[in-house]
Amino acid sequence: MPGLIPQDIIDRILDANDIAEIISGYIPLKRAGRNFKALCPFHHEKTPSFTVSPDRQIYHCFGCGAGGNVFSFLMKYERMEFPEAVEMLAKKVGISIPKTEPADKNAGIAEKLFSINELASKFYHDILFNSKEAGSVRAYLEKRGISSETAKKFRLGFAPDKWDALINYLRQKNFSLSLIDKTGLISSREDSSGYYDRFRDRIIFPIFDIKDRIVGFGARVTNDTLPKYINSPETPIYVKGKNLFGLNFTKDEIRKHDSVVVVEGYLDFIIPYQAGIHNIVASLGTALTIEQIRIIKRYTQNAIILFDPDLAGELATLRSLDLFLSLDMNVRLVSLPKGFDPDSFVRDKGADKLKELIEDAVDLFDYKLDLLKEKYDIIKAQGKAKIAEEMLATISKIKNEVLKESYLKKLSEILSVKEDALLKELSKVKDGISYIDYDSFSSLASKPLNIRVVEKMVVKLMLEHDDLIRQVKEKLDISDFQDPHIKKIVCSMLELNSQGRKIEASRLMNHFDDQAVAQTLTHLCLSEECREIDKQKAFDDCINRIKQENIKEKRNQLHGEIKIAESQGNKDRLNQLMKEYNCLIKK
Ligand SMILES: [Zn+2]
């Protein structure tokens with residue numbers, strides 16, 4: 001979480017606000033035992049599975065998995081950023097947030113960089129529209145089908161073919177070279193004798209953030225020179241993969257349509273936009289980052305991907321789209337005819353044809369399956385196994401159990417493989433991001449338990465008894481835990497505990513950047529109490545189980561290494577491994 005507001009202030013604000021009171025200001029809550037229930041505001045449902053716990057000061061929806069503390073509720077419901085949510089609740093209870101020194105300093109620099117970018121953008125824009133030398137560029141834009149109205153809307157510009165045009169302009173405005181350098185608009189000469197303009201003889205596309213501030217620039221040639229595009233380097237205000245080009249112009253339309261069309265480049269965005277497709281953003285990179293998908297998710301759950309047809313045919317590209325599923329979004333893909341990108345397609349075939357293609361976008365599951373069917377022989381066992389492996393990797397990312405099951409069923413029919421076999425394979429698919437469901441988690445006494453369920457049990461017990469945190473510290477190592485979410489949660493608990501801080505789920509949550517980890521925690525807190533009367537015994541059982549499991553894994557691993565050493569005739573290594581093995585057996 002952004003660390004500019006001191007942690008103890010955040011904790012105080014959290015303690016002073018009541019989550020039930022805040023949420024009841026947005027949706028009606030009904031008392032149900034110790035908790036409150038409501039129809040979930042984040043997904044459609046008929047029976048309430050949205051639970052608010054005044055004891056824990058958290059909420060969790062057992063339908064869609066949403067969960068968090070009062071800050072995360074406001075962030076999700078009001079689409080606020082973390083600091084905004086903190087500020088709003090601080091105001092409500094009359095706590096003032098002290099501005100820390102480094103925050104001020106950074107904010108100061110950021111403001112200056114924004115204003116330099118703004119001036120530079122005006123400079124380039126003015127040249128494009130008012131200078132003689134840009135006449136051919138204006139003609140070029142017209143030829144590419146960009147109207148001057150569109151060029152004005154997106155504030156396109158032109159960087160003249162000079163080494164010092166922008167530098168001189170900005171120096172006149174009294175900015176220091178070192179400050180201008182921080183915007184990435186200029187580069188230092190190799191012999192460090194000075195600076196020169198980074199962008200020359202190129203069309204300029206300003207990149208805006210969501211608040212309409214210019215964070216960086218893209219620059220395109222008007223001829224066949226390579227590289228076709230150059231972009232701003234990363235700066236204090238521009239981090240690649242954390243922005244979406246055009247979102248500041250289109251966010252309201254995206255919300256209204258409840259869907260977003262994702263394209264790759266500047267012109268792939270601008271041309272369809274000009275032709276009336278307004279729920280659109282550009283990723284400015286082939287693979288979308290998880291941060292970009294999270295930003296999209298604030299506005300809609302439905303994404304339609306319109307990538308370069310050559311790339312969309314690549315498995316690697318499709319795999320990157322699994323990220324959408326892990327964030328519980330729906331993804332469909334549009335296949336453009338070979339040789340077209342969204343820009344050339346609209347110019348050639350018209351916007352209506354593109355709209356039709358978008359209407360007919362194919363679900364990621366079907367798209368990937370078709371591609372695999374072309375690649376592998378679906379009749380042969382080998383081919384089936386390959387297709388199953390790829391498809392299960394995607395299915396494992398789907399959070400919704402009903403959806404997951406229906407895809408499994410479909411896959412089983414298409415491959416004519418029993419669903420049980422696919423389920424078995426699915427359980428082998430291990431992945432850091434996938435969401436692990438543990439609704440089945442009830443009593444320890446029942447059945448053989450999955451090791452990950454045991455790990456969750458340990459965290460649940462740790463949350464209920466401070467003393468058990470100490471015991472975990474003594475008896476286990478972080479590396480003993482396998483589930484990546486649980487690892488993060490345990491890590492934070494141990495750290496807070498060693499700082500002597502009180503451990504409460506609602507506070508713990510502020511330490512995770514990843515919403516999915518917070519949701520694992522709220523699910524855990526509000527899922528059924530464990531029924532074991534003797535908590536210490538239950539805890540000891542869990543610890544033993546985890547230890548045994550890790551020994552077993554270590555043993556298997558050693559076993560494998562011994563075999564390799566044997567086959568290589570490496571005696572020293574073999575001796576060493578045998579020693580380790582015997583040691584382990586004694587344990
Ligand atoms: Zn929900």
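Trainee: What makes β10 and β11 count as paired strands in this predicted model?
Mentor: Pairing needs at least two bridges between two strands. Strand β10, residues 214-220, is joined to β11 by three bridges. Therefore the two count as paired, since three meets the cut-off of at least two. They run antiparallel.

Trainee: Which residue of β11 is the bridge partner of Gly-218?
Mentor: Asn-231 is the bridge partner of Gly-218.

Trainee: Where does this pair sit in its sheet?
Mentor: The sheet is open and has four strands, in the order β6-β9-β10-β11. Its pairing is antiparallel.

Trainee: Why are β6 and β11 said to stand at the edges?
Mentor: Count the partners. β6 (157-159) and β11 (229-231) each have a single partner strand, so one side of each lacks a neighbour in the sheet.

Trainee: What joins β14 to β15?
Mentor: Four bridges do, and the two strands run parallel. β15 covers residues 330-333. In β15, Arg-332 is the bridge partner of Ile-304.

Trainee: What holds such strands together in general?
Mentor: Backbone hydrogen bonds pair the strands of a sheet, in parallel or antiparallel fashion.

Trainee: Why is α21 called largely enclosed?
Mentor: A residue is buried if 20 or more other C-beta atoms lie within 10 Å of its own. Ten of the 14 residues of α21 are buried, so the rest of the structure largely encloses this helix. Among them are Val-454, Met-457 and Leu-461. Glu-455, Lys-456 and Lys-460 are buried too.

Trainee: Which helices do the buried residues of α21 pack against?
Mentor: They pack against α22 (466-475), α23 (484-498), α24 (505-508), α25 (515-526) and α26 (535-568).

Trainee: How many residues does the chain have, and what share is buried?
Mentor: The chain has 587 residues, and 34% count as buried. Its secondary structure comes to 27 helices and 16 strands.

Methods: Residues numbered from 1 in each chain as written. Predicted model: local features only at pLDDT ≥ 70, side-chain atom pairs only at ≥ 80, totals over all residues. Buried ≥ 20, exposed ≤ 12 C-beta atoms within 10 Å, placed from the backbone. Contact = placed C-beta atoms within 7 Å.
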